[in-house]
Amino acid sequence: MPASSNPSTPALWQRVASLLLAFALIAGLFTFAFSTVGYRWNWSGVWVYRALFLKGWLVTLLLSAISLVASCLIGLVLALLRRARFLPLKYLARIYIETIRGTPLLVQLLIFYYVVAHSFAIENRYVVGVLTLSVFSGAYISEVIRSGIESVGQSQLDSARAIGLTTRQTYRYVIFPQAIRQILPPLAGQFASLIKDSSLLSIIGINEFALSAQNVSSYTYSNFESYLPLAVGYLVLTLPISLWTQSLEQRNRFET
Amino acid sequence: MRLELSGITKTFGSHRVIDDISLDLPDVHAFVLIGPSGGGKSTLLRILAGLERAEAGRIAIDGSELPRDDEPLRQYRSGIGTVFQAYNLFPHLTALENIMLPLEKVHRLPRDEARARAIETLRRFQLEPHAHKKPAQLSGGQKQRVAITRAVAIKPRILLFDEPTSALDPEMTAEVLEMIEELKREGRDLVLVTHEMAFARVAADQVAFLDNGKILECSPPGQIFTAARSESCRRFLGRILRY
């Protein structure tokens with residue numbers, strides 16, 4: 001059903017005007033705030049380091065992309081383990097999920113970097129960073145996947161068993177195709193969080209976007225000129241995901 | 001078929017849903033289970049379908065015993081057709097794909113063959129125009145008929161129906177019952193749990209009355225509907241047939 005056929009949907013010009021008005025309000029508020037502190041902008045110092053920003057942004061993009069894939073795999077395995085009939089595996093998954101979700105990423109990062117990576121002789125800090133981020137995000141994603149799996153009703157599982165599908169086939173042909181609709185919107189939200197959380201990797205000395213901004217800030221003694229591009233750089237990554245999430249949610253509503 | 005049950009018992013928690021049922025029907029083709037809700041008839045059907053395991057007792061169909069282990073039980077399930085009250089079909093697949101799924105993935109037919117057999121079976125029941133519709137686009141009666149088609153397409157040893165019309169209005173009920181009767185006329189063996197007494201009377205060759213987990217009576221419909229021996233069966237039928 002096209003959105004325009006809905007009589008309660010406002011016309012395009014109304015939506016554009018409202019959006020501009022809302023944007024102007026927020027922009028105005030911040031312009032006012034900055035003007036009262038009398039901040040003197042100096043962009044020329046930061047402009048010199050634009051390549052550093054770009055490089056940091058690309059590193060963030062790459063680290064996030066790898067972590068995204070890895071955390072989905074970890075999340076999937078954990079979600080299946082939580083449904084395992086063998087109790088030790090089930091508890092293993094539960095302890096993992098509760099511990100990771102209940103503690104700050106900062107602490108996990110320090111423990112992984114200084115203790116776990118050291119004892120397993122993982123030298124590369126980028127590898128440690130990606131692993132930690134994946135382990136962290138995987139715990140959240142597993143809960144997203146688990147609730148998606150559980151949204152598929154018992155009657156569906158009965159039907160699958162009645163026609164003689166094996167457990168593996170039931171997941172493949174019955175559960176996952178139906179669960180994916182429930183999973184995608186919150187999963188996309190989790191992706192956006194993951195990208196922002198990757199900024200913490202700067203504390204173990206990974207040259208990602210946030211660390212670039214910190215460095216530029218200390219080279220040029222200009223705070224806002226260094227950190228505003230940081231905010232914009234993250235928005236460029238997270239905004240498309242957020243819009244995609246909304247369109248997914250919209251589509252789900254129409255289809256059911 | 002020959003259906004033998006001996007000492008079947010099933011408990012959920014402390015509740016004994018099936019209580020030591022024994023039965024031997026040497027030659028039955030349409031076996032109908034009736035009785036009050038919670039009396040155990042659906043559970044008995046689910047045990048026959050291999051979806052629940054009885055704690056005690058044995059079941060044999062045509063002399064071959066129902067397996068107890070997971071994998072043989074799955075194979076047993078794949079060889080019989082089971083239709084539930086509702087929500088049989090997979091909502092993300094079309095009618096055709098629903099029928100092809102067990103043919104292709106369980107019975108290992110090549111895709112073309114699975115498709116050809118699915119279409120042929122749909123055509124037989126005048127459902128071909130709906131082949132490419134998803135369940136949400138079908139009426140309740142059509143959904144059940146597609147579900148029955150899926151069960152029939154695998155060429156099952158027997159067909160099991162668990163209140164297949166309870167979620168349908170009278171017109172759709174009629175269309176589904178007609179299909180079941182047609183299958184019976186073709187000579188398919190079936191077991192049916194139903195509240196449709198008029199249908200049971202014409203279609204069944206044996207009717208069992210279950211209450212409190214026991215079969216209180218099992219006889220041909222002519223006898224059970226006119227001269228039931230047990231008091232509770234007479235009361236049940238009296239109440240249900242009054243309106």
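This report describes parts of chain B in a predicted model.

## Basis

Residues are numbered from 1 along each chain as its sequence is written, and chains are lettered from A and ligands numbered from 1 in the order in which they are written. Local features need pLDDT of at least 70 and side-chain atom pairs count only at pLDDT 80 or more, while totals for chains, interfaces and linings use all residues.

## Four-stranded sheet

Chain B has an open sheet of four strands in the order β2-β1-β4-β5, with antiparallel pairing. Its edge strands, β2 (15–25) and β5 (64–65), each pair on one side only. Helix α1 (residues 41–48) of chain B packs on this sheet and touches β1 (3–12), β2 and β4; the direction of the helix makes about 65° with that of β2(B). Axes are lines fitted to C-alpha atoms, for helices over the stretch in contact, and angles run from 0 to 180 degrees between N-to-C directions.

Strands are DSSP runs of E with at least two residues, helices runs of H or I with at least four, numbered from the N terminus. Two strands pair if DSSP finds at least two bridges between them. Strand β4 (residues 56–61) joins β5(B) over two bridges, and B:Ile61 stands opposite B:Ser64.

## Hairpin

Strands β9 (residues 206–211) and β10 (residues 214–219) of chain B run antiparallel, joined by five bridges. B:Val207 has B:Ser219 as its bridge partner. Two residues lie between the strands of this hairpin, and B:Asn212 in the turn has a positive phi of about 50°.

## B:Val176

B:Val176 is found in helix α6 (residues 170–185) of chain B. B:Val176 is buried because 24 other C-beta atoms lie within 10 Å; the cut-off is 20 or more, with C-beta atoms placed from the backbone. Not counting residues up to four places away in sequence, its contacts include B:Gly141, B:Pro164 and B:Leu168, a contact being C-beta atoms, placed from the backbone, within 7 Å.

Note on methods
A residue is buried if 20 or more other C-beta atoms lie within 10 Å of its own, exposed if 12 or fewer, and partly exposed in between; C-beta atoms are placed from the backbone. Two residues are in contact if their C-beta atoms, placed from the backbone, lie within 7 Å.
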